Amino acid sequence: MTFKLDFKVRDYECDLQGIVNNSVYFNYLEHARHEFLIANGVDFAALAEQKINLVVIRSEMNYKDSLKPGDAFYVEVETLRVSKLKFAFIQRIIRAADDKLMLDAVVTGTSVNERGRPFLPEEIDQLFG
């Protein structure tokens, strides 16, 4: 199932060229992943309080076109199990006006326990069953 979150480009997210700065896309993707987790009953903050931290270990982003100030867009999130302890978020940023793909990404992660050892808590494991 694909999770979808709507956004709108804010002026201050753009650089001198009048397009969204490449680093801002990381923020869009991260916010969409956090909202995906919340929508699926995973409390990111509660996990951190239990000394279980979700961590990104790799990010791959393919820029297709540039968003501009005022553009409405959405971020799609899908999940993929990579291994026993690794998972990936398959994400796309799509401009709403014409459904044009602006960026696609694969963000790979794991979670670690208080000793820094890879560990998947049940609530995360269930997302990637």
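Guide: A residue is buried if its relative accessible area is under 20%, exposed if over 50%, and partly exposed in between, using a 1.4 Å probe and protein chains only. The model here is predicted: local features need pLDDT of at least 70, side-chain atom pairs count only at pLDDT 80 or more, and totals for chains, interfaces and linings use all residues. Residues are numbered from 1 along each chain as its sequence is written, and side-chain values use heavy atoms, with hydrogens and water left out.

Visitor: Are Tyr25 and Tyr28 buried or exposed?

Guide: Both are buried. Helices (H or I, at least four residues) and strands (E, at least two) are DSSP runs, numbered from the N terminus. Tyr25 and Tyr28 both lie in helix H1, residues 24-39, three residues apart, or about one turn of the helix.

Visitor: How many aromatic pairs are there?

Guide: Rings of Phe, Tyr and Trp (its six-membered ring) pair if their centres lie within 6.5 Å; planes under 30 degrees apart are stacked, over 60 edge-to-face, and the rest tilted. The count by this rule is eight aromatic pairs. One of them joins Tyr25 and Tyr28, edge-to-face, at 5.9 Å centre to centre with 85° between the planes. Phe36 and Phe89 also pair edge-to-face, at 6.0 Å and 80°.

Visitor: Which parts does the pair of Phe36 and Phe89 tie together?

Guide: Phe36 is in helix H1 and Phe89 in strand E4 (residues 87-95), so the pair links parts that are 53 residues apart in sequence. Phe36 is buried, at 6% relative accessible area, and Phe89 counts as buried at 6% too. Elsewhere, ring pairs link Phe7, Tyr25, Tyr28, Tyr63 and Phe73 into a cluster.

Visitor: Which side chain makes a polar contact with the side chain of Glu76?

Guide: A polar contact is a pair of N or O atoms within 3.5 Å; within protein, one must be able to donate a hydrogen and the other to accept it, and residues adjacent in sequence count only if both atoms are side-chain atoms. For Glu76, the partner is the side chain of Arg92, at 2.7 Å. Glu76 lies in strand E3, residues 72-81, and counts as buried because its relative accessibility is 15%.

Visitor: What is the case for Arg95?

Guide: The side chain of Arg95 makes a polar contact with that of Asp98, at 2.8 Å. Arg95 is in strand E4 and is buried, with a relative accessible area of 16%. Contact means heavy atoms within 4.5 Å. Beyond its neighbours within four places in sequence, Arg95 is in contact with residues including Ser66, Phe73 and Met102.
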